[in-house]
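I opened my notebook today to look around a new structure. Here is what I looked up, entry by entry.

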Amino acid sequence: MQINTPFFKQRAHDALADENLQKALGNLKAGFPEKRAIAVDRMPEFEELRNQGRDLKNHILEHLDLYIEQFESKVIENGGQVHWARTAEDANQIILDLCKQVDAKTVTKGKSMVTEEIGLNDFLEANGVQPVETDLGEYILQLREDHPSHIIAPAIHLNLEDVSEAFHEHHKRPKSDDPAVLMQEAREVLRDKFVAADVGITGANFCVAETGSTIIVTNEGNGDLTQTLPKTHIVVTSIEKVVPTLEDMTLFLRLLARSATGQEFTVYNTLSTGPRREGDQDGPENFHVVLVDNGRSEMVGSEFQDMLRCIRCSACMNHCPVYGAVGGHSYGWVYPGPMGSVLTPQMIGIEKGGMLPNASTFCGKCESVCPVKIPLPKLMRHWREDEFQKHLQPKAARYGLAGWAFMAKRPALYKPYARMASWFMKRLAGKKGRIKKLPLAGGWTDWRDMPAPQGTTFMKAWKEQQKNGEQP
Amino acid sequence: MSGTNTSMSRAEILGNIRTGLNRNQDDSQRQQTVANRLATKADNLIPGRAQLPFTEQVALFKAMTDEALAELIELDSIEQVPQACTDWLSNHGIKQLISASDTELTALDWSPLDQQQITRTERVAQAGDTASLTSSFAGIAETGTIMLHSGSQSPTTLNFLPDNHLVILRRSTIVGVYEEAWKKTREKYSNSMPRTVNMITGPSRSADIEQKLQMGAHGPKNLVILFIND
């Protein structure tokens, strides 16, 4: 996928002015956070589940090599094959080779962010294999030659009208604006594709070391048809998805659905363990697992290791004020929102992804809803430091910061200037206390008023408090 | 494999992880920790919700299946299944039942179907099938979830391809939480796993168009639980 992260500012600017996008994003804000809150309320132990989820992931990461080896040997024991891919290119080549082994013409796909990450669809198509997305949202996007803007609700940036147009154009049926009719249309069109496909590709939410099983979690049932009907099932997943036992997987399943869609449980939770067994009447004859690294192994032992706890639930972006305002495409690559702002610089480099860790107000909402308590603001701060040390920020930001630091370290200079600025802003704001336009702060005042400083300066208030013996 | 060397990737990935963890030397303690965890299969926190007397677990199961929009039909015995299928199918104008072939099902008297000219076929599912009938392994009260195992007499496609899925669930197989179902699975398969384990909670759905929930995406539009009070 093309990398547009360096243009975050412009894309965010355009997104704010895009009425259709803003309408679509309204559905997100009203939906997921409320549903999650209800589900969490119904599970009094939720906080303790989060703590255990965090601790278990940390345990797994401390023993990651051993659990992956165990998973691999169990897959092989059950008649499957495991392929290791250091890079996106390696993964694509492995998958293409597996498709060619069975002369595949079409490949059905369940929803998978890892295959988005490695750009699998374009690669397969360029090499004569036709991928067919089967998740309703992904299918809509494929028809529109679009990409997901959200990791579990890929078409969240679209409105009914967009879907209606796309189906009318591609299905050659009368145009409908009834979501139920549109979904039925997709069901009918994709039925034949499911049956005709030579290979089915799915992701995996977790890989169970104990049994060599992979599990997918879907509401539509598309992933199950994808992996059951074709001759070959390829699971494309990444190395941090391994969990020790079925009990450990269960802990994460309890966290995942509630954090993601606010459901008590996702409709279909399906474990796959190897290929068709003797006497089985259906199921794939070949079972492959492609373990993708793509920068993850370097995160182990680094200041970004905590990010490998992520179970891709999307709660962080669902609750993020920045994501909610600009949508996923503004982020310019595969993973949006807070988790994307940490992961993207790791995968495409801080030189290209540096805008993203800056696209945060550090309000901390993401961390407060994360099912495995990833300190997302802290990790974004690590990237900002990294960016600063590598001198990658724009000159204005560097000089501005240097100037501020110079002043801040010299109280005799800082205090009078702070007083002056405060006085100036109060004058500018007038009686209402709101500033409509402020030099050098157009990024703020173009969209909303800047509140004028209230009362005295912080230093002065501090001094008075100390004098009066009040607690700060 | 042409063009890629997965064993080299494997060595690099595992090497990176070990370097990151500073563990290139003695690994015996870590190996012991991992072996213990895999052998113990210890429970994590189990929510209090389903830790109930059995009759209340059954009531919770029913309430949760209702919330998940599954249909539940109570029967006194397995012998009533053919009549219940006949009634449900004829109410929905369906003339076909694709069935799993386990002995529990084949042993039943299916003559009620004949009276309504409904045909019953034992095979895997095909595109266009309107209704299927399968058995199940367990019901999980916590979320109203049914667990099904694949096997030579229970093809997985029956759970997904037909428009309507009728599934037999015995009251005696209800458990409180997922963990109990895993323990029963391990017992049955002597610590191994069937090829596919399906945990199903209600019929297929999607909210991918404007976040509005629509029922019947790619899987069954109706999930009908034939609940045997055994």
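Before the entries, I noted one definition: a residue is buried if 20 or more other C-beta atoms lie within 10 Å of its own, exposed if 12 or fewer, and partly exposed in between. I also wrote down that this is a predicted model.

**Entry: a loop residue in chain B**

I began with B:Gln51 and asked where it sits. B:Gln51 is in the loop of chain B between helix H2 (28-40) and helix H3 (54-67). Is B:Gln51 buried, exposed or partly exposed? I found 13 other C-beta atoms within 10 Å, so B:Gln51 is partly exposed. Setting aside neighbours within four places in sequence, I found B:Gln51 in contact with B:Ile46 and B:Gly176.

**Entry: two helices of chain A**

Next I turned to helix H3 (residues 46-62) and helix H12 (residues 246-260), both of chain A. They pack at an angle of about 130°, with their axes 10 Å apart. That angle makes H3(A) oblique to H12(A). I noted the crossing of H3(A) with H12(A) as left-handed.

Which residues make the contact? From H3(A) I listed A:Leu49, A:Arg50, A:Gln52, A:Gly53 and A:Leu56. From H12(A) I listed A:Asp248, A:Leu251, A:Phe252, A:Arg254 and A:Leu255. Sorted by class, the contact between H3(A) and H12(A) has five nonpolar, two polar and three charged residues.

**Entry: one residue of that contact**

I picked A:Leu251, which is placed in helix H12 of chain A. Is A:Leu251 buried or exposed? It has 24 C-beta neighbours inside 10 Å, so A:Leu251 counts as buried. Not counting residues up to four places away in sequence, A:Leu251 touches A:Leu49, A:Gln52, A:Gly53 and A:Leu56, along with B:Asn44 from chain B. I also checked A:Leu251 against A:Arg50: they are 201 residues apart in sequence and 9.1 Å apart in space, C-alpha to C-alpha.

**Entry: the largest nonpolar core**

How many residues does the largest nonpolar core have? I noted 176, and the residues with the most contacts inside this core are A:Ile95, A:Val290 and B:Leu226. H12(A) gives the most to this core, with nine residues. I followed up B:Leu226 and, leaving out residues up to four places away in sequence, found that it touches B:Ile73, B:Leu75, B:Val81, B:Ala84, B:Leu166, B:Val167, B:Ile168 and B:Leu169.

I then compared notes on helix H9 (residues 160-171) and helix H10 (residues 179-196) of chain A, which pack at about 35° with their axes 11 Å apart. H9(A) passes H10(A) in a left-handed crossing. On the H9(A) side I wrote down A:Leu160, A:Val163, A:Ser164, A:Phe167 and A:His171, which meet A:Pro179, A:Leu182, A:Glu185 and A:Val189 in H10(A). By class, this contact has six nonpolar, two polar and one charged residues.

**Entry: where the chains meet**

I looked up how chains A and B touch. The contact takes 85 residues from chain A and 64 from chain B. On the chain B side, at least two residues each come from helix H1 (6-20), H2, helix H7 (178-188), strand S9 (196-200) and strand S10 (205-206). H1(B) gives the most to this side, with ten residues. Sorted by class, the side of chain B that touches chain A has 23 nonpolar, 28 polar and 13 charged residues.

**Entry: positive phi values**

I noted A:His391 for its phi near 60°, a positive value in a residue other than glycine. A:His391 is in the loop between helix H18 (376-389) and helix H19 (395-408) of chain A. A:His391 counts as exposed, because it has 8 C-beta neighbours inside 10 Å.

I also noted B:Glu210, which has a positive phi of about 55° although it is not a glycine. B:Glu210 is in the loop between S10 and strand S11 (214-215) of chain B. It has 19 other C-beta atoms within 10 Å, so B:Glu210 is partly exposed.

Conventions: Residues numbered from 1 in each chain as written. Chains lettered and ligands numbered in written order. Predicted model: local features only at pLDDT ≥ 70, side-chain atom pairs only at ≥ 80, totals over all residues. Axes fitted to C-alpha atoms, helices over the stretch in contact; angles between N-to-C directions. Helix = DSSP H or I, 4+ residues; strand = E, 2+ residues; numbered from the N terminus. Parallel < 35°, antiparallel > 145°, perpendicular 65-115°, else oblique. Left-handed = near helix turned anticlockwise from the far one by under 90°. Contact = placed C-beta atoms within 7 Å. Nonpolar A, V, L, I, M, F, W, Y, C, P; charged D, E, K, R; others polar. Core = buried A, V, L, I, M, F, W, Y, C linked by C-beta atoms within 7 Å.
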